[in-house]
Amino acid sequence: MKIGFIGIGVMGHSIAGHLLAAGHEVSVYNRTKSKAAAIVAMGAVWQDSPRQVTEASEVIFSMVGYPQDVEEIYYGKNGIFAAEVRGKILVDMTTSTPTLAEKIAETAAQRGAESMDAPVSGGDLGAKNATLTIMCGGSQGVFDKLVPLFKVIGKTYALHGPAGKGQHTKMANQIMIAGTMTGMTEMLVYAKAAGLDLPKVIDTLAGGSASNWSMENYGPRILKADYSPGFFVKHFIKDLKIALEEAQKLQLNLPSTQAACQLYEQLAAEGYENDGTQALIKLWWNQ
């Protein structure tokens, strides 16, 4: 199959690599061309714009940073919708807004294309190991067509309803992660202050009801002072703000998520916006 991938970042590189390794023809575009050099060396074909990626592909995936970036690659002068999209499937894996996902779906339908909002969870490790969780919004028919590709890059994938519902599910995911990240961080702060053996604490808690993905994957990184981004602090702040905005529309008050967002904004203000989310510990530990 001819596949396009727009956005060769921390996760996009691995996802596109898995699709390439599965025998698909993969065309790629990234705002910074040098970041796509490795995937091109693996056999992907560089294209000079999202429009050219779309013209060369049957299924077009996108995974960029912010909703405004999604807007640009879809609706910009050389964007996806500047190409003839009839008969193509457009899949946005960016964590974006439900409203924008609905807008893209409407435009795609008007132009004879199909679309799916399909944000993911699992970070750099999930992308590297092809164990991503993929949360989908769109039609059952499009989802069924995409399942063979989802099997290549993910472990869990589910359709949650029409356009926008994948993004709503991702917001639920990020609300949960906000809680586990702050809990894991404060757990380590407490355990260290109490003079405990931190690796032993992580191993012990992982065997009980406190077990969670954040602790098991990010806890060891923190102990190695590894703050490389599996998921950027700046992108997590973006996600939490979207979640809080959507909650407000639903007339919900989410104080724990609000507190987590404020902590991460403080972390970014101290200069760590390009670190991984595990860098939250830096608010307590000077490493």
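Student: Is A130 buried or exposed?
Tutor: A130 is buried, with a relative accessible area of 17%. Buried means under 20% relative accessible area, exposed over 50%, and partly exposed in between, using a 1.4 Å probe and protein chains only.

Student: What kind of model is this, and how is the numbering done?
Tutor: This is a predicted model, where local features need pLDDT of at least 70, side-chain atom pairs count only at pLDDT 80 or more, and totals for chains, interfaces and linings use all residues. Residues are numbered from 1 along each chain as its sequence is written, and side-chain values use heavy atoms, with hydrogens and water left out.

Student: Where does A130 lie?
Tutor: A130 lies in the loop between α6 (123-129) and β8 (132-136). Helices (H or I, at least four residues) and strands (E, at least two) are DSSP runs, numbered from the N terminus.

Student: What about phi of A130?
Tutor: A130 has a positive phi of about 60° although it is not a glycine. Most residues other than glycine have a negative phi.

Student: OK, how do α11 and α12 pack?
Tutor: Helix α11 (residues 233-249) and helix α12 (residues 255-272) pack at an angle of about 150°, with their axes 9 Å apart. That makes α11 roughly antiparallel to α12. Angles under 35 degrees count as roughly parallel, over 145 as roughly antiparallel, 65 to 115 as roughly perpendicular and the rest as oblique. Axes are lines fitted to C-alpha atoms, for helices over the stretch in contact, and angles run from 0 to 180 degrees between N-to-C directions.

Student: Which residues make the contact?
Tutor: From α11 they include F236, I237 and L240, and from α12 they include A260, C261 and Y264. Contact means heavy atoms within 4.5 Å. By class, the contact of α11 with α12 has eleven nonpolar, two polar and two charged residues. Ala, Val, Leu, Ile, Met, Phe, Trp, Tyr, Cys and Pro count as nonpolar, Asp, Glu, Lys and Arg as charged, and the others, Gly among them, as polar.

Student: And α8 with α12, at what angle do they cross?
Tutor: The axes of α8 and α12 cross at roughly 65° and come within 9 Å. I175, A178, M181 and T182 of α8 meet T257, A260, L263 and Y264 of α12. Those residues divide into six nonpolar, two polar and no charged.

Student: Change of topic. What is the strand order in the open sheet?
Tutor: Six strands run in the order β3-β2-β1-β4-β5-β6, and the pairing is parallel. Two strands pair if DSSP finds at least two bridges between them. The edge strands, β3 (45-46) and β6 (114-117), each pair on one side only.

Student: Which helix packs on the sheet?
Tutor: Helix α4 (residues 67-75) does, touching β1 (2-6), β4 (59-62) and β5 (89-92).

Student: What does G164 touch?
Tutor: Leaving aside its neighbours within four places in sequence, G164 is in contact with P98, A101, E102 and D117. G164 is buried, with a relative accessible area of 0%.

Student: And E246, what does that touch?
Tutor: E246 touches P98 and H168, not counting residues up to four places away in sequence. E246 is in helix α11 and is buried, with a relative accessible area of 9%.
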